[in-house]
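Morning, everyone. Have a look at the model.

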Amino acid sequence: MNTGPAPNPTTPDPTPSGAAARLRIVLVGTQHPGNIGSAARALKTMGLERLVLVAPEKAPNAESYALAAGADDVLAAAVVVPTLAEAVADCTLVLGCTARSRRIALDEHDPRDAAGRAVAAAAGGAEVALVFGRERTGLENDELQLCHAAIHIPANPGYSSLNLAAAVQVLTYELRMAVLAMAGAATAPGGDRDPPASHAELEGFFAQLGDALDAIDFHKGRAPESAMRKLRRIFLRADLDVREVRILRGVLADVERMAMLAGQRDRG
Ligand code: SAH
């Protein structure tokens, strides 16, 4: 165990942005050492490594290490401090996880929004803390006052209190998803998609669709406008790229060819 101020990451951050290295998980007044180990495991599985323990009731022990199950490095590097104020002194964003909404005026996020906010801030260079309370009583109101916003996992309202390490896992998962989304956005702008189809390409497709539907007598004497309007809506919603339009037009060309062959057969 280390003691002292904010920890430094000891192993390289797996993410290009380095955002994960500026995220810390703070456990306040944890009562069960096993939960500290399970929380260390939760962090490590999600690519995080900075665990801060504020005045745990018992120091991490053999049970903690047993439940850390290979995340011993995260557990051994955990920093112990006496107060939440010290744990977050250098943070510019502090988010407190609560099992119930309190009567204090704090914005409340769900885990996904909170993770998006946390990772965006960390990617911008901020130190960010997610704070978790005691198993029995959660965070005190004065501890929540140190937070910029609260996070509530929208669990079953009749049974909303998760096990501490389970709550840490939910939040660290969302942090990882946000980090991965950011890394993906950074390395593949626009993803690996083909360019979007232009207006003219889509109109060419719609004209051919109209011809193909005529060729198979789809409208059967009805005015074609209403069906065409609905079909246009479907294909416009699909946000087609140039290659997808090409495939669809290939299908329509075959439809028209088969309709012509069928017509010839019927006539002959
Ligand atoms: N009886 C306590 C529950 C504590 S559970 C109470 O009612 O506050 C231990 C910690 O896990 C909580 O302090 C909180 O940080 C986290 N936690 C548990 N369930 C949660 C939920 N539904 N949303 C957000 N955090 C939760």
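A disulfide here is a pair of cysteine sulfur atoms within 2.5 Å. The structure holds zero of them. C97 is in no disulfide either. For C97, the nearest cysteine sulfur, that of C147, is 8.5 Å away.

A word on the source. This is a predicted model, where local features need pLDDT of at least 70, side-chain atom pairs count only at pLDDT 80 or more, and totals for chains, interfaces and linings use all residues. Residues are numbered from 1 along each chain as its sequence is written, and side-chain values use heavy atoms, with hydrogens and water left out.

Next, burial. Buried means under 20% relative accessible area, exposed over 50%, partly exposed in between, with a 1.4 Å probe and protein chains only. C91 sits at 12%, so C91 counts as buried. C97 is buried too, at 13%.

Now the cores. A nonpolar core is a set of buried Ala, Val, Leu, Ile, Met, Phe, Trp, Tyr and Cys residues joined through side-chain atoms within 4.5 Å. The largest has 40 residues, and L27, L51, L130 and F132 touch the most other members. Its largest share, seven residues, comes from helix α7, residues 164-187. Helices are DSSP runs of H or I, at least four residues, numbered from the N terminus. Apart from this core lies another, of 16 residues, with C91 and C147 among them.

Last, E174, in helix α7. E174 counts as buried, at 8%.

Conventions:
Helix = DSSP H or I, 4+ residues; strand = E, 2+ residues; numbered from the N terminus.
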